[in-house]
Amino acid sequence: MSKLEIKGLNVSINETQILKDFSLSVPKGEVHAIMGPNGTGKSTLAKSLAGHEDYEITSGEVLLDGEQIVGMEPDEISRSGLFLAFQYPSEIPGVSIANFIRAALTARLEEGEKFSAPAFYKELYEKMDLLKIDRSFTSRSVNEGFSGGEKKRCEILQMAMLKPEYAVLDETDSGLDIDALKIVADGVNKMRGPDLGILLITHYQRLLNYIVPDKVHVMFDGRIVKSGGPELAEKLESEGYDWVKEESAATASV
Ligand code: ADP
Ligand code: MG
């Protein structure tokens with residue numbers, strides 16, 4: 001079966017172990033959410049999957065439809081079909097959004113395939129309308145001077161244009177007011193389907209009111225400590241994370 005499979009991933013930053021034997025499987029076509037308290041390693045997971053150089057994968061596997069991506073360069077990982085939207089997207093001065101997406105798509109062309117500018121702009125404008133992004137944005141530098149909400153919408157626009165097989169969205173809801181949250185959620189929901197597996201990382205439950213996940217995983221201290229359905233997110237919203245910590249401590253001491 002097609003899936004994003006993370007097996008026994010151990011990741012350290014500056015010799016401190018952050019991810020501890022982390023395992024998770026997201027089948028294509030499903031939306032899985034990871035929730036967890038701050039500092040638990042959620043962004044570390046996203047950055048490790050992207051091949052970020054600061055994150056040392058000491059052991060474990062990440063398989064994209066069976067293909068090992070551990071050890072690949074970030075652009076190679078991206079071309080393999082994994083898209084990552086970061087909690088704090090970087091600014092790329094001097095590179096317009098349109099050119100940035102165009103370059104990424106050009107890099108994905110098969111031998112002999114030609115890039116069609118008219119088709120590209122037609123699709124870009126359609127997706128921008130869907131995400132309620134003003135046309136003037138195409139010529140602005142990537143993320144430079146963008147508000148939190150604009151950055152998030154811009155990331156979803158990139159995802160919509162690149163059409164990855166799997167997407168990891170790290171705190172796509174942070175910094176969004178409720179209207180922007182609904183627009184982003186609507187965009188993600190429109191992309192949902194049998195050809196895309198989504199891993200949604202979030203601290204708060206409210207995003208999951210708009211993007212209802214197939215499964216919810218609770219992460220604590222570098223690993224998944226509980227998995228369930230959407231009702232698990234509601235329990236976390238009403239009861240907080242304390243009970244998860246207690247259960248995790250009880251399991252760890254056995
Ligand atoms: P979360 O996204 O769940 O809030 P993070 O993955 O950002 O958690 O952080 C997990 C732990 O790793 C924290 O203790 C944090 O201080 C540490 N950490 C994250 N990134 C770095 C970094 N680049 N350098 C040093 N420590 C880091
Ligand atoms: Mg984070």
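Predicted model: local features only at pLDDT ≥ 70, side-chain atom pairs only at ≥ 80, totals over all residues.
User: How far is an oxygen atom of ligand 1 from an N or O atom in the side chain of K42?

Analyst: For S43, a polar backbone atom lies 2.9 Å from an oxygen atom of the ligand. For K42, an N or O atom in the side chain takes part, and its distance from an oxygen atom of ligand 1 is 2.9 Å.

User: Which strands does helix α1 lie across?

Analyst: Helix α1 spans residues 42-49 and runs at about 110 degrees to β1. The open sheet has four strands with antiparallel pairing, in the order β2-β1-β4-β5. Of these strands, helix α1 lies across β1, β2 and β4.

User: Over how many bridges do strand β1 and strand β4 pair?

Analyst: In the pairing of β1 (residues 3-13) with β4 (residues 56-64), which is antiparallel, S12 stands opposite E56 of β4. N10 has S59 in β4 as its bridge partner. Counted over the pair of strands, the number of bridges is seven.

User: Which strands are the edge strands of the open sheet?

Analyst: The order of the sheet is β2-β1-β4-β5, and an edge strand pairs on one side only. β5 pairs with β4 in the antiparallel sense over two bridges, and one bridge joins L64 to E67 in β5.

User: Which residue in the turn between β4 and β5 has a positive phi?

Analyst: The two strands form a hairpin, with two residues between them. The residue in that turn with a positive phi, of about 50 degrees, is D65.

User: At roughly what angle do the axes of helix α3 and helix α5 cross?

Analyst: Helix α3 covers residues 97-107 and helix α5 residues 148-162, and their axes come within 10 Å. The contact is made by I97, F100, I101, A104 and L105 of α3 together with C154, L157, Q158, M161 and L162 of α5, a set that divides into nine nonpolar, one polar and no charged residues. The crossing of α3 past α5 is right-handed, and the axes cross at roughly 35 degrees.

Notes
Residues numbered from 1 in each chain as written. Chains lettered and ligands numbered in written order. Heavy atoms only, no water. Axes fitted to C-alpha atoms, helices over the stretch in contact; angles between N-to-C directions. Left-handed = near helix turned anticlockwise from the far one by under 90°. Contact = heavy atoms within 4.5 Å. Nonpolar A, V, L, I, M, F, W, Y, C, P; charged D, E, K, R; others polar. Pairing = 2+ DSSP bridges. Polar contact = N/O pair within 3.5 Å; in protein donor to acceptor, adjacent residues only side chain to side chain.
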